[in-house]
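Here is a briefing on a protein model. Look over the sequence and the structure first, then read the points below.

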Protein chains: 2
Amino acid sequence: MNDNALMNKAADNIRILSASMVEKAKSGHPGGPMGGADFINVLYSEFLEYDPENPHWEGRDRFFLDAGHMSPMFYSVLCLSGKFSIDETKAFRQWGSPTPGHPERDIERGIENTSGPLGQGHAYGAGAAVAAKFLKARLGDTIDHTIYAYITDGGIQEEISQGVGRLAGHLGLDNFIMFYDSNNIQLSTTTDAVTSEDVAKKYEAWNWKVITIDGNNVDEIRKALTEAKAEKERPTLIIGNTIMGRGALAADCTSFECQVSTHGQPLSAAGADFAQTVKNLGGDPENPFVIFPEVTALYEKRKKELNDIVAAKKARYNVWAKANPELAAKKHRWFARELPEIDWASIGQKPDNATRAASATVLGVLAQKVENMIVASADLSNSDKTDGFLKYTKAFEKNDFSGAFLQAGVAEFTLSAMCIGMSLHGGVIPACGTFFAFSDYMKPAIRVAALMGTPVIFIWTHDAFRVGEDGPTHQPVEQEAQIRLLEKLQNHHGQNSMLVLRPADVHETTVAWKMALENAQTPTGLILSRQNIKDLPAAGSRYKEALQAEKGAYVVQDENDYDVILLASGSEVSTLAEGAELLKADGIKTRIVSVPSEGLFRSQTKEYQESILPEGKKKFGLTAGLPVTLEGLVGADGKVWGMNSFGFSAPYKILDEKLGYTGKNVYEQVKKLL
Amino acid sequence: MNDNALMNKAADNIRILSASMVEKAKSGHPGGPMGGADFINVLYSEFLEYDPENPHWEGRDRFFLDAGHMSPMFYSVLCLSGKFSIDETKAFRQWGSPTPGHPERDIERGIENTSGPLGQGHAYGAGAAVAAKFLKARLGDTIDHTIYAYITDGGIQEEISQGVGRLAGHLGLDNFIMFYDSNNIQLSTTTDAVTSEDVAKKYEAWNWKVITIDGNNVDEIRKALTEAKAEKERPTLIIGNTIMGRGALAADCTSFECQVSTHGQPLSAAGADFAQTVKNLGGDPENPFVIFPEVTALYEKRKKELNDIVAAKKARYNVWAKANPELAAKKHRWFARELPEIDWASIGQKPDNATRAASATVLGVLAQKVENMIVASADLSNSDKTDGFLKYTKAFEKNDFSGAFLQAGVAEFTLSAMCIGMSLHGGVIPACGTFFAFSDYMKPAIRVAALMGTPVIFIWTHDAFRVGEDGPTHQPVEQEAQIRLLEKLQNHHGQNSMLVLRPADVHETTVAWKMALENAQTPTGLILSRQNIKDLPAAGSRYKEALQAEKGAYVVQDENDYDVILLASGSEVSTLAEGAELLKADGIKTRIVSVPSEGLFRSQTKEYQESILPEGKKKFGLTAGLPVTLEGLVGADGKVWGMNSFGFSAPYKILDEKLGYTGKNVYEQVKKLL
């Protein structure tokens, strides 16, 4: 245990650096970091266990920052820990610097998650805690690290806290410790203006252990963290009452603490005096970007302790690995995201089945083959057919993570964010299901996953108006065009930030699952039908032909010298095939193209694209989404039959007739086009 | 008070009708309605006050169903109340029937909200309660109706319950009574599998009054509703423990209650026996679509009571209206959504200002002119500049709704859904603000508003990467293309389901606000800049020229015989103007087109569209969104410069340079194009 005076000095060092970063950048959030400095200093100098030599060490404790605007505090403590140079803190919020306004996932630098959109970070933490529990159930005590999250008033208010609070409590995630930096101030107001909830009581209602402390007091922070680590039944919420802008002074040296104005702008802009504040905290206003020598020593000492801790852990691990070579090999493969051999071609699909059912067939195989896969559903497992996986395993329960299924309840957003957290943790391959219409709820989380390159698999069933009787609230229309926007948006590695696949029949569904599992770079979305779909025609093995889906689009059926290209994704391709028969009888020759992913298709060579959809050839697109879903592919050479309005409640075959999704209408529309 | 045996008979009648509707449709949810029948019967036969002769009477109690899948129960009780015929219940879930799978807003039929996506309905209820409080603060005791909501296990789990619970408790919405139909069963599992939260304790933590009852017991329901109506400080949650599939029998006449299988399919498909069940409930399995004579009498009696209640209320109202003619006239105008005269042309905009600041200027005028306007923000009022409104009023507080501003805290989804609820209530004009990147969080609610045609105004600021230092999590890219999908999607009245406006300068912002306020048919989104924008060139009054925005797109500046059309929305239009200057110096003649709304533009005559963007003319589009945002307008005649990746953290002027959003790059790209 370190001397408290030294600890306070280190916290002041974080305060000075934080305030200085914001001051220099003329942009950012100084007040929160100055309040949270004490906790983050105690955590990093005395509790958080990681390998200073190997940031990727899978045995590390994970720290998930929820409140990305607290980045100055985070970069400061990481600077003390040797992950950032002083010059890099000076480049805060500047072009090309490693210190952007909100932290972006960078394991080398000790940053587990991109943060900013409040609430999501703590959901990632809860998801990571689930992953750790899952792994511990399989690998025993070699998995003994702790998941920390840091949340603020905004995150506590965000709706997702309902899902995370409920599930973390229900599942008894005792490996999850969340610090709530409660400073009673948010961007626009004091918190009193928007809330009078009893946070402790609420988390107790969710079955959390709650400890309330002075969040600026080193001893209380230590005691709380120690208690939390000892807890063996529940997740712990440490409510730290902190002082916004702690140490801030006005020009006349009176206190400038607890001011809303210091939330989101430099101290000087907020009305405080930067120089007086730095002086008050023991720094030199002329040269504030400094690590005090005694603080350097404190963190050097911590580094040595960590080296010892890690060495001891690794020694214990090696003993275990020797005794359990198979498990150790598994563990290695899982954290390397190595897939087992899967004989995709041999997966027996029932012909003419719904693609959600085909997905269930694949999931049944994966449940038996991919031992580190976790599947989850937002109370729709028997409808989104993730039960194809569940029937070979069981759902997680408090104190029993031997299953591999998360029944998340009705909470699509929490579900998606927790699966992202599982993936960020590493060692597991998460997939989650719900109705496609409800992908809207997941978008905020998918966006951050797309930015981070987190390979979560989203299983979206009931892909169009053919939901039928449930009506327009449950019938996606604009969702396919919407989610495919992420295929057009690149991540910072130059990849399409998401892979979205809408397979055309059961065999293409097998292929889509293959692609999803093999995609370790970005999230993948699978868009699946509720209703049965007739298998597409094939000259030989339909599965082999469907493998061409790996290029995003391919020719399903071709006639020499065809008059028109018919293109679609999902079940509309089989409707085109019906239409093609009618056209053929009329002497009109067609090419049928299935486009499970426009984004992937656009990533192929120009030559390939031109070979599938040659310019100048007439094209007819059929989509159960908005016409714009296919207009980019059809271009000026043809037309698209799509939905122009919300759907309607009725049996889906009636809707097919009423809305023109029949072979007959394809025939008629193509005749008009030619 | 009615005889309990009769009340139970009426509830059984609802059970029979509900089960029969699902059975006949071969689709739907029978179990929940059979459990909730007792509560809904007590509510409609003894408590809910409305005018049987005038469904639109503004003094009516509002009933918001959260769980749309409980539609059979709802249609059944509305059938008993004379709002639906027996034949219409028989047409449940069929094409063209007024009884779709999930209820769709239809005031004539007594349906206040479209439901289905769980959780949203109770947020509408809380919003309606806020609207009623707001009106009561202005119109006194003429506003004395109660807002009811009906929620189930799924809705209680949905994340939005966090926001609604917090805000309704914080604001002391004692006019809000929510029945929680707790049957411990959801679609996939019993609730035990996903939650162990103490719901009563949680709502108490949010400062609600909580009453727990047997939800199938008439006396307990009555007592709870009476207590709840008497509560004068807090919203009330009535937790009704109910029995899923109450009265259901198997073929051997053993109980088939409390079965997960009866949640989402006909009783017969679930394993129960439909005929035995109907018999058990006192009906005739051969002819189950019947209202029992004594139940008809019960609801006839209620109708008479209601006529008396309403007559008395109207008499009291008339006395008040005579004494307060000005207030009465106001009330009439507010509920008719009549706008006051606003001299839009005279609104003094500071030149070259950010459009969010221009929006604040307009909001300042509206705060003084539009007395029934409510503005809200998700903890960003000083950043989304809704504080332009706030400075003329104050925020709502418990027991004081004399202000007109809702500080919603960090809860964008709740904010949007509650504003929708305010609008559904009527009498008020709600608008809400947040950052455009966070429109993602609002999408699920916007979609339902678009379907219902609810005219909420969304104020989205920080419209592009020029958010700057906050970085990619806060920088919208795909959001403009995403939200404009709703401009392409029509509601069931054949209108674009949303109006989305991204004004190009301060004057166009005034016009955009004019359009938003005048749009009483659909939601409107205003997409506004963080940074200053140079006013567009104008031959005469720029405001007058900007009025052409009412056609969705218009010519800002034109040269005879122009070589190329430059088109954009928002601040990119002024960048085009810079580029046009450079091109002019080079002898290249341009036309500049501002397109605040492609959807609206596409609703104009073909002639108008062709006059603004003639086919065959070269076109260059500039967008800070994805290129696809403008590709539909530019077509094959040109190219679009847009964002292909997530943004970056840096000062926005640096980003403009790095990403090519300068007059110079416009010049270079256009040169390449020509």
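Chain B and chain A bury about 8300 Å² between them, and 58% of that lies on carbon and sulfur atoms. Buried area is the accessible area (1.4 Å probe) that two parts lose on being put together, summed over both. On the chain B side, Trp95(B), Glu159(B) and Phe646(B) lose the most area to chain A, together 10% of what that side buries. This is a predicted model: local features need pLDDT of at least 70, side-chain atom pairs count only at pLDDT 80 or more, and totals for chains, interfaces and linings use all residues. Residues are numbered from 1 along each chain as its sequence is written, chains are lettered from A and ligands numbered from 1 in the order in which they are written, and side-chain values use heavy atoms, with hydrogens and water left out.

**The contact**
- The contact takes in 99 residues of chain A and 99 residues of chain B; contact means heavy atoms within 4.5 Å.

**Shape of chain A**
- The C-alpha trace of chain A spans about 90 × 60 × 45 Å along its principal axes.

**Inside chain A**
- Of the 674 residues in chain A, 68% are buried (under 20% relative accessible area, 1.4 Å probe, protein chains only).
- Among chain A contacts with a separation of 6 or more, 77% join residues 24 or more positions apart.

**Charges of chain A**
- Chain A carries 70 positive and 85 negative side chains; Lys and Arg count as positive, Asp and Glu as negative, while His and the chain ends are not counted.
- The centres of the two sets lie 4 Å apart, with each charge placed at NZ of Lys, CZ of Arg, CG of Asp or CD of Glu.

Conventions:
Buried < 20%, exposed > 50% of the residue type's maximum accessible area, 1.4 Å probe, protein only.
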